[in-house]
Amino acid sequence: MENLIPRNSIHPGAIYCVGKNYSDHALEMQQLEAAAMIAQSRQSEEPIIFMKPPTALETDGMITIPVFHGRPLSENMHYEAELVLLVGKSTDGCSIEEAVTCISGFGAGLDMTLRDEQLSTKKSGNPWLKSKGFRKSALISDFVPFTETQFPPDLEISLELNGKLVQQGAVSEMLHPPAMLIHYLSYLYGLRSGDLVFTGTPAGVGAVRPGDALTCRVSRPGAGSLEVVAELQANVI
């Protein structure tokens, strides 16, 4: 893991996040929400996009449940391990073929979610920014520089909670792959150099407690095993 782009050097103007980009996680969320059929998610031609404010970014690996006036805002904070893209070139509309030229790096990330708050606000029809956009809810590793002509389909994202593997998924399993996401976001919102794109999480999300240790990795096949190319270590305090 040499010549990485340091996480402390990244200052995004926007943090875009993709919901239900793995079919197994979409099913997992359906079971949590008791909502729409998974087939409907699979048939969607457009990704589900939400945002976190830049102040949600956390580069020191510290995870805390937000508190307001002395009251914790959640009793059920979940981890979501994700591949994160670093935008390297501003664009207000790039083709899928051009999209990879706008990616300057990729790394591991954690989209921390106040699940009880999210499900409650979804049920009431209210916005759920609080459940996703609180401070320290977007954690990132250092980034692997990317200068290829095609995004590597063999990358895998995984998460260990206290040493136990709880999440694992491949880029090839995404419903909307990286190039499509960059293409889509560039046309709808415009992308700026330094923006981050959290690309969605595989199944296996779950709750964290104070004292938990999380290790999120981006890996690719090496000599008979998976080679770790980016790693994020975080602790719940």
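A residue counts as buried when its relative accessible area is under 20%, and that cut-off is a handy one to keep in mind for helix α6, whose buried residues are Pro178, Ala179, Met180, Leu181, Ile182, Tyr184, Leu185 and Ser186. Please note that this is a predicted model. The chain has six helices and 18 strands, and buried residues account for 49% of its 237 residues. Here is a short tour, by topic.

**Overall shape**

- The chain has a radius of gyration of 17 Å, which agrees with the value near 18 Å that a compact globule of 237 residues would have.
- Along its principal axes, the C-alpha trace spans about 45 × 35 × 35 Å.
- Of the contacts between residues at least 6 apart in sequence, 79% link residues at least 24 apart.
- The accessible surface of the chain is about 11000 Å², and carbon and sulfur atoms contribute 51% of that area.

**Helix α6**

- Helix α6 covers residues 178–188, and because eight of its eleven residues are buried, the helix is largely enclosed by the rest of the structure.
- What do the buried residues of α6 pack against? Their partners are the strands β1 (15–19), β2 (48–52), β8 (81–87), β9 (103–111) and β15 (196–198), together with helix α3 (96–99).
- After α6 comes glycine 190, which has a positive phi, near 80°.

**The five-strand sheet**

- This open sheet has the strand order β4-β18-β17-β13-β14, with mixed pairing.
- Its edge strands are β4 and β14 (164–170), each of which pairs on one side only.
- Strands β4 (residues 62–63) and β18 (residues 226–236) run parallel and are joined by two bridges.
- Strand β17 (residues 213–221) runs antiparallel to β18, and nine bridges join the two.
- Leucine 232 in β18 stands opposite cysteine 216.
- As background, strands of a sheet pair through backbone hydrogen bonds, either parallel or antiparallel.

**The three-strand sheet**

- A further open sheet, with antiparallel pairing, has the order β10-β7-β16.
- Here the edge strands are β10 (113–114) and β16 (206–207), and each pairs on one side only.
- Strand β7 (residues 77–79) is joined to β10 by two bridges, and the two strands run antiparallel.
- Histidine 78 has threonine 113 in β10 as its bridge partner.

**Cysteines**

- How many disulfides does the structure hold? The count is zero.
- Cysteine 216 takes part in no disulfide, as its nearest cysteine sulfur, in cysteine 17, lies 13 Å away.
- Is cysteine 102 buried or exposed? With 3% relative accessibility, cysteine 102 counts as buried.
- Cysteine 216 is buried too, with a relative accessible area of 0%.

Methods. Residues are numbered from 1 along each chain as its sequence is written. This is a predicted model: local features need pLDDT of at least 70, side-chain atom pairs count only at pLDDT 80 or more; totals for chains, interfaces and linings use all residues. Side-chain values use heavy atoms; hydrogens and water are left out. A disulfide is a pair of cysteine sulfur atoms within 2.5 Å. Buried means under 20% relative accessible area, exposed over 50%, partly exposed in between (1.4 Å probe, protein chains only). Two strands pair if DSSP finds at least two bridges between them. Helices (H or I, at least four residues) and strands (E, at least two) are DSSP runs, numbered from the N terminus. The radius of gyration is taken over C-alpha atoms; the globule rule is 2.2 Å times the number of residues to the power 0.38. Contact means heavy atoms within 4.5 Å. Accessible areas come from the Shrake-Rupley method with a 1.4 Å probe; for residues, only the protein chains shown count as cover.
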